[in-house]
Amino acid sequence: MKAKNIKNLHSIVFFAVIISVIVGAIIVLSIAMLRNNGNKSSIQTENNKKMYHILILGEYENEHFLREIYEGASTLSESYNMVLDFYVPKTQAEEESLQELFDYASYVNADGIIAYIDSPDKIKELPRKSDGTLIPLVSTGQYSPTLTQISFIGNSYWELGKKIAEEAVYLLNQQGTIFIINNENNTHNNYRNLMNSLFDSLNNYKTIKYTEISSVSPNMLFSDAKKCLLLSLTEEDTIQTAQAIQDFHFDNSKNFRIMGFGSNETCQFYLQKEIIQELISLDPEKIGQKAIQELFEYFTFGYANSYIAADVKITRGKK
């Protein structure tokens, strides 16, 4: 009987020890979690107190596009603790170089930059904060592998070529000839990728013919019997084509139309004058939203997506 009691006592002690260990472990884990949550709350509170200063900048020629980027970025102002500063010359007379705009970002010690860059070679020195570190940059426009940026938001050239083909066929009502402006200066690999995608897509339409031309000339003839479309794939070619149509006094109200790429002030001007019937560009509002998200991803984790394919925007004229 005595041995049995001793055995029971050992069992009770054993279970008591096990329960004590479990309870102790739970208490230690709970304390650790509370401390960790406290540290996280402290960090979040500290981050919430910081007001981030983000600059949206670029040259006057791209003011319209940048204004829409700003509008898109502004929709996230309630989600992120930030101040947006739109720094783009209001007129061509006030034009400042990209380098001067970047120097201004250094001067105000901005936390981040969203910039439209059409000529990366204009930038000789990247903007830095007062402590000497580079200011995080999200860029759109023309991609440069030599430019230090945390993210570039630009074209998916193959998908862009397919979309341009669809819109060209739509403008011709699935029948006619497309004159593709292919300037000899456009030799970049991405441009060739876009062209290959465009040709591949147009080959699916048997009632559509297409041919490449280097520019519009005054002796070009457009048949009244079949619709024709002048298609420009860069902002520069779009503007030059519209200017040529205006200079040569071509009447494009009936027998041919113009479709271009871009959304800068000059492109918009020709669209409003009904010289251009449609513009394809990247969607600037969504670029603004994505740029802010990438900047704050970088602020939080120290990295961001290096390349993002932007959505395409279609802008049609009145007719």
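Guide: A nonpolar core is a set of buried Ala, Val, Leu, Ile, Met, Phe, Trp, Tyr and Cys residues joined through side-chain atoms within 4.5 Å, where buried means under 20% relative accessible area with a 1.4 Å probe, protein chains only. This is a predicted model, in which local features need pLDDT of at least 70 and side-chain atom pairs count only at pLDDT 80 or more, while totals for chains, interfaces and linings use all residues. Residues are numbered from 1 along each chain as its sequence is written, and side-chain values use heavy atoms, leaving out hydrogens and water.

Visitor: Which residues have the most contacts inside the largest nonpolar core?

Guide: They are I54, I56, M82, I114 and I292, in a core of 26 residues. Two or more residues each come from β1, α2 (63-74), β2, β3 and α8, with α8 giving the largest share, five residues. Helices (H or I, at least four residues) and strands (E, at least two) are DSSP runs, numbered from the N terminus.

Visitor: What is I292 in contact with, beyond its neighbours within four places in sequence?

Guide: Contact means heavy atoms within 4.5 Å, and the partners of I292 are I54, A73, L76, Y80, M82, L84 and I114.

Visitor: What is the order of the strands in the open sheet?

Guide: Strands pair if DSSP finds at least two bridges between them; here six strands, paired in parallel, follow the order β2-β1-β3-β4-β5-β11. Because β2 (82-87) and β11 (307-309) stand at the edges with a single partner strand each, one side of each lacks a neighbour in the sheet. Between β1 (residues 52-57) and β3 (residues 112-117) there are four bridges, and L55 has I113 as its bridge partner in β3.

Terms used
Buried means under 20% relative accessible area, exposed over 50%, partly exposed in between (1.4 Å probe, protein chains only).
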